[in-house]
Amino acid sequence: MEESLSHLRIGAEGEKAAVEYLRARGYMIVGRNWRSGHHELDIIAITPDQCYHFVEVKTRREGALVSPAEVITPRKVRNLISAANHFIQANAIDTEAFIDLVTVEIDPASGAMNIELIPDIANCRW
């Protein structure tokens, strides 16, 4: 149970850091942890040019066997596309939209974070 709590804590810290990272780059956060049925989106943001960005956040300890980006599978991307489409339809959004990934690696010793934004992962080859 302690490991799952630690895992949840790391995920929450990574998501908080991702929000701060996006805000510092001009994104306006309009939603977090959005859920509808089996659809789930970590962060929903709008850029100054009014594009929507549905942001998946993956956090790992530095030196983990698998990097945060490596856990994104084609199936996960399809699920994110489905969730984003559901949100777009439910909110009658008529603007350009992207699915992005923010990876966060946390140094367990110092707590320092390495954050990277990988834009438009729906058009990447996974």
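A residue is described here as buried when its relative accessible area is under 20%, as exposed when over 50%, and as partly exposed in between, with a 1.4 Å probe and protein chains only. The structure is a predicted model, in which local features need pLDDT of at least 70 and side-chain atom pairs count only at pLDDT 80 or more, whereas totals for chains, interfaces and linings use all residues. Residues are numbered from 1 along each chain as its sequence is written, and side-chain values use heavy atoms, with hydrogens and water left out.

By these criteria Trp34 is buried, with a relative accessible area of 18%. Phe87 is likewise buried, at 9%, as is Tyr52, at 17%. Together with Phe54, these residues form one aromatic cluster. Aromatic pairs were assigned to rings of Phe, Tyr and Trp (its six-membered ring) whose centres lie within 6.5 Å; planes under 30 degrees apart count as stacked, over 60 as edge-to-face and the rest as tilted. The structure holds four such pairs. One of them, formed by Trp34 and Phe87, is edge-to-face, with 5.2 Å from centre to centre and 90° between the planes. Because Trp34 lies in strand 1 and Phe87 in helix 2, this pair ties together parts that are 53 residues apart in sequence. Tyr52 and Phe87 form a tilted pair, with 6.4 Å between centres and 50° between planes. Here Tyr52 belongs to strand 3 and Phe87 to helix 2, so the pair ties together parts that are 35 residues apart in sequence. Helices (H or I, at least four residues) and strands (E, at least two) are DSSP runs, numbered from the N terminus.

With contact taken as heavy atoms within 4.5 Å, and residues up to four places away in sequence not counted, the partners of Phe54 include Leu41, Ile44, Ala84, Phe87, Ile88 and Ile99.

Helix 2 has 17 residues and reaches 24 Å from its first C-alpha to its last, close to the 24 Å expected at 1.5 Å a residue; the expected span is 1.5 Å times one less than the number of residues. Its buried residues are Val77, Leu80, Ala83, Ala84, Phe87 and Ile88. Seen down the helix axis, these residues fall within an arc of 135°, so they line one face of helix 2; the arc is that of the directions from the axis to the C-beta atoms. The cover over the buried residues of helix 2 includes strand 1 (28–36), strand 2, strand 3 and strand 4. On the other side of helix 2, Arg75, Arg78, Gln89 and Ala90 are exposed. Helix 2 is followed by Ala92, whose phi is positive, near 50°.

His39 is found in strand 2 and is buried, with a relative accessible area of 11%. Leaving aside neighbours within four places in sequence, His39 is in contact with Trp34, Ser82, Ala83 and His86.
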